[in-house]
Amino acid sequence: MNNPDFKHGVIEMAHGSGGRTSATLIESLFVRHFDNPLLQQGNDQAAFAVTSGRMVITTDAHVVSPLFFPGGDIGSLSVHGTINDVAMAGAQPLYLSAAFILEEGFPLAELERIVISMARASRETGIPVVTGDTKVVERGKGDGVFITTTGIGVIPDGIHISGHLARPGDAIILSGYIGDHGTAILSSREGLEFGTTITSDSAALHTLVAAMIEVAPDIRCLRDPTRGGLATTLNELARQSGVGMHIEEAAIPLRAEVRGACELLGLDPLYMANEGKLVCIVPQQSAGRLLARMHHHPLARQAAIIGHVTSDERNLVVMQTGFGGMRVVDWLAGEQLPRIC
Amino acid sequence: MKYIDEFRDGDTARLLAGLIHKEVSPDRNYRLMEFCGGHTHAIFRFGIVDLMPENVRFVHGPGCPVCVLPAGRIEAAIRLAESSDIILCTYADLMRVPAGKKDSLHKARARGADIRMIYSATDALAIAQANPERQVVFFAIGFETTTPPTAAVIRIAAAMALTNFTVFCNHVLTPPAMAHILASGEASIDGILGPSHVSTIIGSQAYADCCAQYRMPLVIAGFEPVDVIQSTLLLIRQINEGIHRVENQYTRAVSASGNRKAKALMDEIFELRPRFEWRGLGELPDSALAIRHTYAAFDAEKRFHMAPVTTTDIKGCICPAVLRGVSNPDECKLFGTVCTPEEPKGACMVSSEGACAAYYSYGRFRAEVTS
Amino acid sequence: MCLAVPARVEALDEATAMAVVSLDGIRKEVSTQLLEQVAIGDYVLIHVGFALERIDPVEAAKTLALFAELRAMDGNA
C-alpha cells in the first residue's frame, strides 16, 4: 500500500474506515510525527505505571476558525490547551491522547501541517501523545478538522488548588497581556481581516506553574482565561468560591494593538480569549514573592497583581475604570461579536 | 490612541463635573435626554452618573438602531431567508434581536438559513460577487451614519450591473424621531445631548427647526466621556440662561452642514418613505428611507415581493416606553428576571447600547457597589 | 449609536478610493469614497469599513486647549 499523497491528496471516507487505508494514514502521519515508544506499540490504548499522588484528567475539544492563525494553529492549540487544563490543578502533565474528526475532502497537506505542528508542540513541552483515534465524516458534516485531546497528570503532595478556595483578601495575579489570542484569531477571520503584528499567545504553562508552586505552595486557585476572557474566568472563580472580586483596569496588562482592535470592532478586551495566560489567586503574604518569581519566567514577564478578592454574597466582579468610575464586570451574554453601534 | 485617550481623561472629567455641581441650580431638576445609545453606553461604561449632582438625570432616547427596528421587519427578513435559497447578510448587532414568537436571526441560522454576519457593507457585495449563482440580500439597518455606506455599495453594484445583489433597506432618520418625541412631550425633558456621528453626516443645522419649534436646548456631543460631561455642562448653562439653541461640542467631527458628499450620495440612492414603523414610537411620516425607483433592481422588498409583517409586542415588555424616554429599564417587571442579556425579550436588552442592556451590565448593582 | 473611531491614514489609493488606516498598530483597509478630500496623516472616523469624515485638528486642539486651561486654573486654585 502506497503512502497517502500529502501534496495533492484529500481525506476520503476510507481514511476512517478502519481498513488498510486508515492504517496507512495512521502509520505515515500520526505515528511518524508523534513518534514515541508507547504509540509505537500500536495498541488501542497506552499502558503506563501509576505514580504516587493525586492524578488529574482533563479533556478539551478544539474547534477553531480559521485553522491556521498568526502564532499557531489548531494543532499546537490542542496540545497547549489541554496541558494548561492539567497544569491549572498544579499538576505535572504526563501524557496526552488525541482524537481527530476529519471532513471528507480535507487536504492532506493541511492535515500534515497540523500534525507536524502538534508534534512539535508535544516535543517542546515534553508531553507525548500516546494514543489516539481518527474518524472521517462526510463532506459538509464537519469543518475540516476537529481535534479532541485528553491529558493526564499528577499533582505533587501538599498542593491543593481549586476554583472554590479563593478567600476575601487574597491577591489576584494575572500572568501577562490579555486578548492576544482573540485578536490574532479575529485579524485572520474572513471578512474582518486587519493587519497586526499581534500573534496568538498560545503556550503551555506547566513549567510556569511548576515554578510558581515551588515558591508559593499556598496558591489557592489557578485558571487559564481562554474563551470568554479574563472577565469570564474571574466570574467563574467568584461564583465557585462564593466571593467577590475587585480589580483595577489600569493594572491589567493590555497591548496598545489589542486595545486598538477592540475599539475598532466595538469589543471589550476583558472578554477576549487567551491561550497562554493564567489567573492566580494567592494569599496576600505570598503574592510579592510569587510575582517576583513569575517575572523570571519567559511566559510571565508582565505578570501583575490586578486586584483582590472581596467578601460579597452576590459574587460580583467590580472594576475601578481607568477613568475613575466603578463598573460591574459581568458574565458574557451570548458570544462577543463585532458591533457597529 | 489619539483623539480617544485625551477625551477619557478622568481629571478633566472631574473638573468639568465640578463646574456642573457649581452651576446647577439646587431648586430644580435637569432632565437631559441622551438621544443616542452611544451616549447611554458611555454614561454607564465610564460611570458618568456617579459624577453628576442628584438633580441632573439622564433620560435615554431612541437612538439605538437595533432597538427601534420593529420585530416585523426582522420577521420579514427571516421569512425571506427561510423561503428561498438566498444568502442574508447583516451586521452582527442584529443577530440576537427578538423577532416575533421568540425568534431571531441567530435562531433562524441555527435552523439552517444562510445568514452571514458582516463587518462592512462592502462585505455583502463581496459575498455576492463570490456567489454569482445565488441571490445575496443585505439586511441594512441604521441611522444617517450607517446609510451612506449602504448607498455606496448600491451604487457600486449598479456600476457592476450585479444581478444577484439587493438591499432590504431599514434606514431611518434622526430628526423626525426627535421631533416626534418633543411633540408628544411625554418624556418631559429640559435638554438634549445630540447625536455624534449622525451629526457628522447631516450637520448641526439639521436640528435647528426642531429646537426652535419646541424651544429645546440641544448640544451635539461626542461619544467619549469627557465629551459627554462637557456637553452636559453646556446644556445646563443653556437651561440656566433660559435659552435654546443648537450648540456643537463635537466640533472636531461635526460641521454646520455635515458631509456634503455623503448627503448627496444618500440623496441619489434613497428617497423618503411616506411612513415607517418604529419600535416604541409607532408609525412616523417621512422618517425612513426607501431605495429610489432608478435603483429598484437593488431593492429586496421589490425583487422578492416582501409583504409587510406585523407582530405583537412581548407582554409586559416596556421597551416602547423606554425608547420614548418615559420609563427607566428597572421599572419593567421583566427586567433582570425573565429578560436578561442571555435571554432578551425586548430589543433594548440586546444591543450593548440598548438602555436595558446598559442598565443590566453596568447599572444593575451600581448603587450597591458604590455604597 | 454608530460606533466610529478615529484612525490615521497611512496609505491612499485614489483609483479605488481605498485607504489603509491605523489605530495603535492595527491596520485596516477602508473606503474613502465618502470624503471630499483626504491626505496621508489625516485622522478619519471609521464606521463599517468607511471613513465618514476627517477629524478637524484645529477644532480638536481648541477643545483640548479649553481642558488644559481648566486644569491650569485648578492647579492655581
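Two strands are said to pair if DSSP finds at least two bridges between them. Helices (H or I, at least four residues) and strands (E, at least two) are DSSP runs, numbered from the N terminus. In chain C, β1(C) and β2(C) form a hairpin with 4 residues between them, and in its turn C:Ala17 has a positive phi of about 55°.

This is a predicted model, in which local features need pLDDT of at least 70, side-chain atom pairs count only at pLDDT 80 or more, and totals for chains, interfaces and linings use all residues. Residues are numbered from 1 along each chain as its sequence is written, chains are lettered from A and ligands numbered from 1 in the order in which they are written, and side-chain values use heavy atoms, with hydrogens and water left out.

**Strands of chain C**

- Strand β1 (residues 5-13) and strand β2 (residues 18-23) of chain C are paired in the antiparallel sense over 5 bridges.
- Within this pairing, C:Val9 stands opposite C:Val21 of β2(C).
- β2(C) also pairs with strand β3 (residues 26-31) of chain C, in the antiparallel sense and over 6 bridges.
- C:Val20 has C:Glu29 in β3(C) as its bridge partner.
- The hairpin of β2(C) and β3(C) has 2 residues between the strands, and C:Asp24 takes a positive phi near 50° there.

**Domains of chain A**

- The domain assignment (bounds from an automatic or database source) divides chain A into domain 1 (13-155) and domain 2 (171-328).
- The contact between them (heavy atoms within 4.5 Å) takes 19 residues from domain 1 of chain A and 21 residues from domain 2 of chain A.
- Taken over C-alpha atoms, the centres of domain 1 and domain 2 of chain A are separated by 27 Å.

**Helix packing in chain A**

- The axes (lines fitted to C-alpha atoms, for helices over the stretch in contact, with angles from 0 to 180 degrees between N-to-C directions) of helix α6 (residues 206-215) and helix α9 (residues 284-295) of chain A come within 9 Å and cross at roughly 150°.
- A:Leu208, A:Ala211, A:Met212 and A:Val215 in α6(A) meet A:Arg289, A:Leu290, A:Arg293 and A:Met294 in α9(A).
- By class, this contact of α6(A) with α9(A) has 6 nonpolar, no polar and 2 charged residues; Ala, Val, Leu, Ile, Met, Phe, Trp, Tyr, Cys and Pro count as nonpolar, Asp, Glu, Lys and Arg as charged, and the others, Gly among them, as polar.
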